[in-house]
Amino acid sequence: MAIVTASTFQVPIEICATFAFALSGLIAGARKKMDAFGVFVVTGVAAFGGGTLRDVLLDRRPFFWVDHAGWIWLMLFLCLFAMIFMRNRHIQLTERAIQIPDALGLGLYAALGTQIALGLQLPVIICALMGVMTAVFGGVLRDIFCNEIPKAFNDYQPYAVIAFVGSLLVVALNAINLPQWICIFIPAGLIFLFRILAIYLEWRLPRWKMESNK
Amino acid sequence: MAIVTASTFQVPIEICATFAFALSGLIAGARKKMDAFGVFVVTGVAAFGGGTLRDVLLDRRPFFWVDHAGWIWLMLFLCLFAMIFMRNRHIQLTERAIQIPDALGLGLYAALGTQIALGLQLPVIICALMGVMTAVFGGVLRDIFCNEIPKAFNDYQPYAVIAFVGSLLVVALNAINLPQWICIFIPAGLIFLFRILAIYLEWRLPRWKMESNK
Amino acid sequence: MAIVTASTFQVPIEICATFAFALSGLIAGARKKMDAFGVFVVTGVAAFGGGTLRDVLLDRRPFFWVDHAGWIWLMLFLCLFAMIFMRNRHIQLTERAIQIPDALGLGLYAALGTQIALGLQLPVIICALMGVMTAVFGGVLRDIFCNEIPKAFNDYQPYAVIAFVGSLLVVALNAINLPQWICIFIPAGLIFLFRILAIYLEWRLPRWKMESNK
């Protein structure tokens, strides 16, 4: 993505973020006691599913992971390594440890996905949705493959919602012609910040106002 | 779709139909007590999933909802509105009320989907399947996102089957060179009619002829 | 696929394999007591889902089943026939009977899928993954439509893993410039052989090395 090569921060952040997303898939597969193939697929889908779905919908090729096939090998060895050395206590440690890189990924992926859609001159709401999809749908597909209702759909944490507001901010900053790296890093940083606040202050989305009976 | 602009009826029918499909997603999300993001995704998938999957398979771009981004905003407000004002009794009322626009949608979407595939000169059975997919797969994807076996797969109601026969009729009417609006509206009307008959007369598809034991 | 028309064996093997994959979908639908539409969709997805997903990701059109629409009609009649004549004891018989054509399909689909990706000059690991996807993802999508965790993910049988090693062999044989039919049939045969061995010798993949408690 020539768009943002200006930044020397992007690549390391992206690596941390993809790693966090991959680990969330690895943990989900381990929890379901999947075999090596299942763990590998769920890990891959969690890491690359959001961006791939975005690219299928926007008809962009080649996919990120086709151009950077080394990542797939890395993921393969990560899964094998985990199956041999991971213990139950590691799962809980990992889950806590990935919250910060996961929040980094939420911000960066949402901002990058929005920027890519803006480059194709799509309407505002579509750009914001593509940002959210990039950041969140890896996890959604991971949960579908694990035969669960996606956590992003019913845990009432402000996760996709923060990414959505941040993605709209990307569009707004582009509209006033700020340099591209600002349009990406300010919203990405704010999404990260609010996601971390949401975790530590235990923010919750409003619930349905139905009667409690039934 | 310049194909059918001749008709002044199509747009209002399409709006009613999309609205009915969206409401079916909204209800499914509400039943599962999903949060705002989950309800929004399931509503969007129910409304636009069938046509989007058809367009991915036929490699058509842009999608309907990319060209008409206003609908996405509308859907967003519909979901927020519903989360604040919807009560349990509304769900049952809504489910009954959407049966008629849903049947309209079944007919119109199946006929339009078939006509689009015919325009690409695909084989008869593929055109009919694209019609059925347009009309039915929004609901199928909605149920997969809700972690249910798709209702269209195991409720034994003649729903997709009626859409399939109607889609074949679209192909037949095109083969005898009738004007395009006739090729669309006659099958769409018949699908609607038979779907309503199927509901009120409680028609059921034949069951498996297996032994009852096990 | 002009690539492999040299071989007079490929077409009959491919027919057997597709038939076996379709039957696995038919059985899955029957087990869930789906109606005619559900059985048809699950059968079709099991037969054609892997190759279709590969072609969507590689942006290849038209799909196999669009070019050979006769197969869809055949599948339609197969499903109707089965719903009338299939009994519980047939399901068990069929499951055992399809193990051999299924293993044929695993080998042939993996080798063909890998060869197609090689023709597009993709990296080694991507070619091998496309082979595995072609062979295995029909079954994965079948299980998702049936609301199950995909069997390929958690039955600990060496199935996708054998296909993966065989797909890497396809790449290796191409690298030393052997004729194309050798690059396809030797790995396909070996995948078949090892899959059959894996069934009869009851090989299992290594399990997670977690503590047994919880």
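## Packing of α1 and α2 in chain C

In this predicted model, helix α1 (residues 10-31) of chain C packs against helix α2 (residues 36-58) of chain C, their axes coming within 7 Å and crossing at roughly 145°. The crossing of α1(C) with α2(C) is right-handed.

On the α1(C) side, the contact is made by C:Thr18, C:Phe21, C:Ala22, C:Ser24, C:Gly25, C:Leu26, C:Ala28, C:Gly29 and C:Ala30. On the α2(C) side, the residues are C:Gly38, C:Val39, C:Val42, C:Thr43, C:Val45, C:Ala46 and C:Ala47. By class, this contact of α1(C) with α2(C) holds 10 nonpolar residues, 6 polar ones and no charged ones.

## How the chains are related

Two copies of a chain are related by a rotation about an axis and a shift along it. For chain A and chain C, the turn is 120° and the shift along the axis is 0.0 Å, and chain A is then laid on chain C with an RMSD of 0.0 Å. The two copies are therefore related as by a three-fold rotation axis. Among the residues of chain A, A:Asn147 comes closest to the rotation axis, with its C-alpha at 3.8 Å.

Chain B is superposed on chain A by a rotation of 120° with 0.0 Å of shift along its axis, again with an RMSD of 0.0 Å. In chain B, the C-alpha nearest the axis belongs to B:Asn147, 3.8 Å from it.

The contact between chain B and chain A takes 23 residues from chain B and 23 residues from chain A. On the side of chain B that touches chain A, α2 (36-58) and α4 (70-85) of chain B each supply at least two residues. The largest share, 5 residues, comes from α2(B). By class, this side of chain B has 15 nonpolar, 3 polar and 5 charged residues. Here too the copies meet through different surfaces, because only 13% of the interface residues of chain B are also interface residues in chain A.

## A residue of α4 in chain A

A:Leu78 lies in helix α4 of chain A. With 18 other C-beta atoms within 10 Å, A:Leu78 is partly exposed. A:Leu78 and A:Ala22 are 56 residues apart along the chain, and their C-alpha atoms are separated by 9.4 Å.

## Helix α9 in chain A

Helix α9 (residues 160-175) of chain A has 16 residues, which at 1.5 Å a residue should span 22 Å; its end C-alpha atoms are 23 Å apart, which agrees. Just after α9(A), A:Asn177 takes a positive phi of about 60°.

The buried residues in α9(A) are A:Ala160, A:Ile162, A:Ala163, A:Phe164, A:Gly166, A:Ser167, A:Leu169, A:Val170, A:Val171 and A:Leu173. What covers them includes α6 (99-119), α7 (124-145), α8 (151-154) and α10 (180-200) of chain A. The cover also includes α2 of chain B.

Notes:
Residues numbered from 1 in each chain as written. Chains lettered and ligands numbered in written order. Predicted model: local features only at pLDDT ≥ 70, side-chain atom pairs only at ≥ 80, totals over all residues. Contact = placed C-beta atoms within 7 Å. Helix = DSSP H or I, 4+ residues; strand = E, 2+ residues; numbered from the N terminus. Nonpolar A, V, L, I, M, F, W, Y, C, P; charged D, E, K, R; others polar. Least-squares fit on C-alpha atoms with pLDDT ≥ 70 in both. Axes fitted to C-alpha atoms, helices over the stretch in contact; angles between N-to-C directions. Left-handed = near helix turned anticlockwise from the far one by under 90°. Buried ≥ 20, exposed ≤ 12 C-beta atoms within 10 Å, placed from the backbone. Expected span 1.5 Å × (residues − 1).
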